[in-house]
Amino acid sequence: MTTQELVEQFIEQGRTQGMAQGTIVLYEARFGSMPPALRSAVEAMRDLSTLQKWILLAGTGKREEVDDALSAGAAGRSS
């Protein structure tokens, strides 16, 4: 692996971690403490486009919609 590839991988990892933390912070600002199972699903997610959808939903959706989407994401990872 080249240095450039390592740098790009590191940047992508930072983006996903930042997006995951943003989703958690936004969720908790709107709805209170995030249930542990949902927090685990968000922290484990590595797909940036999914995290982008989740953060938008956390900022605009109803709690039930957000919980359902995050739960479905957790179930999709384990199958």
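How many salt bridges does the count come to? By the rule that a side-chain nitrogen of Lys or Arg must lie within 4 Å of a carboxyl oxygen of Asp or Glu, the count comes to four salt bridges.

## Basis of the model

This is a predicted model, in which local features need pLDDT of at least 70 and side-chain atom pairs count only at pLDDT 80 or more, while totals for chains, interfaces and linings use all residues. Residues are numbered from 1 along each chain as its sequence is written, and side-chain values use heavy atoms, with hydrogens and water left out.

Setting aside residues up to four places away in sequence, valine 42 touches Ala20, Thr23, Ile24, Met34, Leu51, Trp54 and Leu70, contact here meaning heavy atoms within 4.5 Å.

Threonine 16, found in helix α1, is buried with a relative accessible area of 4%; buried means under 20%, exposed over 50% and partly exposed in between, with a 1.4 Å probe and protein chains only. The side chain of threonine 16 reaches the backbone oxygen of glutamine 13 at 2.9 Å, and, leaving aside neighbours within four places in sequence, threonine 16 is in contact with Arg46, Leu48 and Leu51.

Leucine 48, in helix α3, is also buried, at 18%, and it touches Glu12, Arg15, Thr16 and Met19 when residues up to four places away in sequence are not counted.

## Salt bridges

Glutamate 12 forms a salt bridge with arginine 15, their closest N and O atoms being 3.5 Å apart, and because these two residues are three apart in helix α1, they are separated by about one helical turn.

Arginine 39 forms a salt bridge with glutamate 28, with 2.6 Å between the closest N and O atoms; arginine 39 lies in helix α2 and glutamate 28 in helix α1, so the pair ties together parts that are 11 residues apart in sequence. Arginine 39 also meets glutamate 43 in a salt bridge (3.9 Å, N to O), and salt bridges that share partners join Glu28, Arg39 and Glu43 into one network.

Note on methods: Helices (H or I, at least four residues) and strands (E, at least two) are DSSP runs, numbered from the N terminus. A polar contact is a pair of N or O atoms within 3.5 Å; within protein, one must be able to donate a hydrogen and the other to accept it, and residues adjacent in sequence count only if both atoms are side-chain atoms.
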